[in-house]
Amino acid sequence: MAYSPTLVVHICGGSLGLLSGTAAMCFRKGSPRHVLAGKVFVASMLTMGAFAAYLAITRHQPNNIGGGILTVYLIGTAWLTARRKDGETSRWDWVWLLIPLANGILLWMTGVKVLRSGHSSLGGVPVGMMLFLGSVCLLAAAGDVRMLVRGGVAGVKRISRHLWRMCFGLFIAAGSFFFGGSNRPLRLLSSVGIGQHLPAALFSTTLYLILTVLPLILLIFWLVRVRFTKAYNRTGI
């Protein structure tokens, strides 16, 4: 199976993002290994998102354009949150918030339109997922507005903002990898002659679903730990 260079870069970026993102969540927060894995994760995810949007445009896949841009927004703002000092903002933040605002409105409009037409999905994407992602986008936009009005975020709120955006970006990458194509992991491994030698259980839909939802579970875990314990005092971001 032949892959275009652009698609290869996109897949490599997403694969490296999954590995480095998993490593970043496993390493102690603020440790040198966590910081290194986080840098690799940011670079690979920005690459994946940018190339995903480009591929969607060239292949006339409007549903994937928003997903690629949203990934860049989430990872970019999470990285900026970690890099900045408490209470620091930029005028560019007003531009950034237009991305989740536009995405959220379009997703909700599309989801409602599909429901009214009597269908349950569009282009293989369930309406429930559209409305879920649309709601997350609108909440992200609201969070941006609140941050700008209050003059930035500090302490536990800054850590929380960094964590949930990184984890949700990882969730998008996992969903794209495991459910973005028809059994994509099996196709990739089969193309290099490996897939047929591995157990069928490694390519089950149940396993894909668990691995896709896992970043959301870890997101909830870390938000609870940061919000209700003193863990953030040991987090050196």
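A disulfide is a pair of cysteine sulfur atoms within 2.5 Å, and a search of the whole structure finds 0 of them. This is a predicted model, in which local features need pLDDT of at least 70 and side-chain atom pairs count only at pLDDT 80 or more, while totals for chains, interfaces and linings use all residues. Residues are numbered from 1 along each chain as its sequence is written, and side-chain values use heavy atoms, with hydrogens and water left out.

**Cysteines**
- C12 is partly exposed at 46% relative accessibility; buried means under 20% relative accessible area, exposed over 50%, and partly exposed in between (1.4 Å probe, protein chains only).
- C167 is buried, at 4% relative accessibility.

**Helix α3: G67 and T71**
- G67 sits in helix α3, residues 62-83; helices are DSSP runs (H or I, at least four residues), numbered from the N terminus.
- T71 is also placed in α3.
- The relative accessibility of G67 is 29%, so this residue counts as partly exposed, whereas T71 is buried at 1%.
- A polar atom of the T71 side chain lies 2.9 Å from the backbone oxygen of G67.
- Beyond neighbours within four places in sequence, T71 is in contact (heavy atoms within 4.5 Å) with M45, M48, G49 and I172.

**Helix α7**
- Helix α7 covers residues 155-179, 25 residues in total.
- From first to last C-alpha, α7 reaches 36 Å, close to the 36 Å expected at 1.5 Å a residue; the expected span is 1.5 Å times one less than the number of residues.
- In α7, 20 of the 25 residues are buried, which leaves the helix mostly covered.

Notes:
Helices (H or I, at least four residues) and strands (E, at least two) are DSSP runs, numbered from the N terminus. A polar contact is a pair of N or O atoms within 3.5 Å; within protein, one must be able to donate a hydrogen and the other to accept it, and residues adjacent in sequence count only if both atoms are side-chain atoms.
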